[in-house]
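Me: Please show the structure, and then let us consider what each term rests on.

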Amino acid sequence: MILGEINIVKHQGKQFIKDLTSVTLPNTFRGIPIISEDKVAENEIIDFCPVNAISSKNNKLSIDLGKCSFCGDCQHQFSSKIKFSNHYKMATNVRENLVINQGDPTEIKLDALAIRKEIKSIFKRSLKLRQVSAGGDNSNELELGACGNVNFDMGRYGIEFTASPRHADGIVLTGPITKNMAEALEIAFNAVPEPRILILAGTDAISGGIFAESNAIQRDFLKKYPVDLYIPGNPTHPLTFINGVLELTRKKFRR
Amino acid sequence: MSNNKSYSYVSVQNTSAIEFSNIPMLSYEVFTEQVLAYFNAKDEIHCLQYFAIPKDKGFQFIIILANDATHEILLFGHEIQALNTKLESLTQHINAFHIFEREIHENFNITFLNHPWLKPVRFSENRADKSKKISNYPFYKIEGDELHEVSVGPIHAGIIEPGHFRFLCHGEMVKHLEIQLGWQHRGIESLIITKNKWLQRSILAESITGDSTIAHSLAFTNTIESLAEIKLDDNLILERSIALELERIAIHTGDLSGMNTDVAYQLGSAVFGALRTPIINFTQRWCGNRFGKGLIRLGGTNYPLNNDLKIDLATVLIEFEKKFKEMAEKMFNLPSVIKRFDGIGAVSTTKLKMLGVVGMVAKAGGISRDIRKSHPFLAYQNLNFEHVQFEHGDVMSRGLVRYHEVLQSISLIKELIKLHKNEEEFQKPLYQLNLKSNKFCTSAVEGWRGEIVHTAITDEKGNLKQYKIKDPSMHNWKALELSLRNLEISDFPINNKSYDLSYSGHDL
């Protein structure tokens with residue numbers, strides 16, 4: 001009886017990714033975009049973007065990854081101008097850092113000085129998070145679930161999702177915040193004991209994404225409470241999430 | 001039935017566009033009579049969609065029935081001339097209509113008389129009565145000294161979407177479960193009309209529910225491409241079918257992991273969880289996104305399936321199949337799993353028919369219902385297969401449907417890869433397209449959960465006038481409620497996971 005199970009374990013081999021900070025994702029993966037100096041009809045690109053993430057200032061294009069739906073259609077339509085790289089470390093604590101300008105290096109960092117002191121002292125070894133989906137399409141939720149699976153094994157860092165906000169150190173919000181969920185979200189957030197953190201995972205949570213102009217969403221919650229970490233993606237890749245949270249909470253983080 | 005000349009309807013094939021004016025509008029009496037006659041005559045008839053559109057001072061109602069035996073889709077409707085009209089409900093005769101009539105009632109304040117359950121569906125932004133709030137849902141009550149209520153949600157213990165569950169219990173025994181949804185409502189149907197770029201609409205379609213990105217995207221592209229009379233290459237059709245089967249494999253495998261978690265079988269939970277990874281990672285290598293976002297576009301794709309990818313996929317599937325079978329055979333023969341699956345949450349075929357369940361839940365409960373067979377789309381016409389069928393309507397059957405569908409999808413993909421040709425040229429997406437005017441098109445796609453139905457109507461200028469979406473969860477949530485009757489409340493998680501219904505797909 002048990003032999004069968006031992007065989008299964010043997011055939012599975014080692015599933016966990018040894019070093020989550022140095023994985024290379026396939027070239028097709030859409031991470032931080034690179035905007036070239038190529039001359040193109042900027043208005044066409046700006047108009048092409050389905051979520052108004054592309055804008056232009058002094059003839060320089062920029063893409064706001066907080067709004068970007070990562071559809072990647074622009075890199076196929078305007079291939080000389082935009083190319084999404086496979087750089088997945090996209091999380092930051094400063095909203096403006098999500099805006100990638102023409103000629104920028106393919107790097108998004110956290111601003112160490114802007115991180116509240118207690119985060120690195122209290123949450124550096126153990127961080128329990130409560131996830132709240134407020135209109136998320138469940139792809140983000142599945143990826144957050146995958147963070148704890150045998151491949152990514154986020155639990156090795158003491159970072160886990162809890163069942164109750166009372167046991168949590170913070171909230172990970174997904175979805176554009178529907179009107180129907182606005183109240184429940186706020187109740188859950190306020191049920192988390194202080195000090196607490198607020199993480200936005202995915203484009204929908206950061207800006208509303210494709211739903212930004214829907215009259216079924218209600219984003220006042222974000223006017224009331226400061227955000228500690230923005231993690232872009234549609235959905236957020238587990239590696240983007242884990243690296244972002246590590247950079248936020250660890251004293252030392254190797255990029 | 002079609003030889004009965006007194007019936008008035010148009011018959012179409014899945015995804016074919018017709019003149020909207022060809023759909024006959026009957027009086028409500030004749031309409032009701034005709035619907036009831038269809039349902040009383042044959043089991044093979046089920047309702048794909050029934051909805052209302054505002055017209056002048058009243059409303060136009062369209063019903064879309066699927067005849068699984070003759071592979072036809074039947075269309076007809078009725079009209080009312082004034083607001084606040086009261087109609088005798090169809091639900092009092094055929095329960096399966098409850099969700100459609102509730103939706104029409106919620107949005108347009110049309111009262112359906114003798115409807116046993118005329119409650120809000122999703123508290124949508126465009127509902128007729130804004131005084132109805134999601135925090136004030138009229139739950140069913142039972143009075144009794146020893147009864148108590150357990151209320152769970154909208155936020156749940158796991159990393160899942162929100163929904164509210166209200167259990168009426170006698171001790172630990174659930175007498176009745178009522179599920180209240182709507183928390184996820186983002187207004188997708190209205191957004192598809194108001195967003196005027198086609199790329200925006202494609203992104204909306206792939207955001208309806210992330211675990212069915214491919215299936216919903218395909219229902220969308222099928223509908224719109226038909227209205228724009230776009231012809232697709234064979235290769236593109238094959239690639240889309242492969243993507244749909246890959247989605248089925250990935251989600252079924254992930255759900256088997258979840259089902260093992262809920263019965264505390266750690267090995268199954270970990271192994272199926274790990275097995276889902278190579279499948280979605282292949283999808284990521286193919287199109288850059290583990291859920292297939294970006295892959296399905298109108299008129300073409302940015303990510304053709306080249307030869308390297310085909311070899312990659314074949315290799316992934318060989319390795320996956322071996323490990324999947326090994327784990328599944330162990331798990332489905334394990335007494336501790338069998339004890340927690342077998343006979344748990346069973347709903348009889350008769351009841352499931354009454355509810356009009358579709359897809360996986362139907363196939364697990366003795367109802368033969370699979371759009372790939374009954375109303376073939378994409379490449380399914382050319383594939384020789386019989387859909388998986390189980391009878392008991394319990395957790396075990398829902399697990400077995402997943403197990404066997406995964407194996408079947410693998411062999412379907414192998415067939416599809418064989419038919420796929422190595423070509424340099426491929427169809428690129430269209431970002432500008434013109435739809436034919438005054439047309440109607442409905443497209444059904446069998447996603448892993450069941451039939452997804454998208455319906456579009458264009459106006460005289462060829463603009464989208466109406467867009468309706470139906471996720472299979474619209475029907476199947478009621479079956480989960482019935483599953484819980486006379487079960488211990490502790491059996492809820494495993495039942496819920498065995499259905500794995502969509503919140504966002506239901507709430508839209």
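Domains, shape and chain contact

Reply: The C-alpha centres of domain 1 and domain 2 of chain A lie 24 Å apart. This is a predicted model, in which local features need pLDDT of at least 70 and side-chain atom pairs count only at pLDDT 80 or more, while totals for chains, interfaces and linings use all residues. Residues are numbered from 1 along each chain as its sequence is written, and chains are lettered from A and ligands numbered from 1 in the order in which they are written.

Me: What makes domain 1 and domain 2 of chain A domains?

Reply: Domain bounds come from an automatic or database domain assignment. For chain A that assignment gives domain 1 (33-101) and domain 2 (112-249). The contact between them takes 17 residues from domain 1 of chain A and 21 residues from domain 2 of chain A, where contact requires C-beta atoms, placed from the backbone, within 7 Å.

Me: How do you know that the radius of gyration of chain A agrees with a compact globule?

Reply: The radius is taken over C-alpha atoms, and the globule rule is 2.2 Å times the number of residues to the power 0.38. With 255 residues the rule gives a value near 18 Å; chain A has 19 Å, which therefore agrees.

Me: What share of the residues of chain A is called buried?

Reply: A residue is buried if 20 or more other C-beta atoms, placed from the backbone, lie within 10 Å of its own. Of the 255 residues of chain A, 49% count as buried.

Notes
Two residues are in contact if their C-beta atoms, placed from the backbone, lie within 7 Å. A residue is buried if 20 or more other C-beta atoms lie within 10 Å of its own, exposed if 12 or fewer, and partly exposed in between; C-beta atoms are placed from the backbone.
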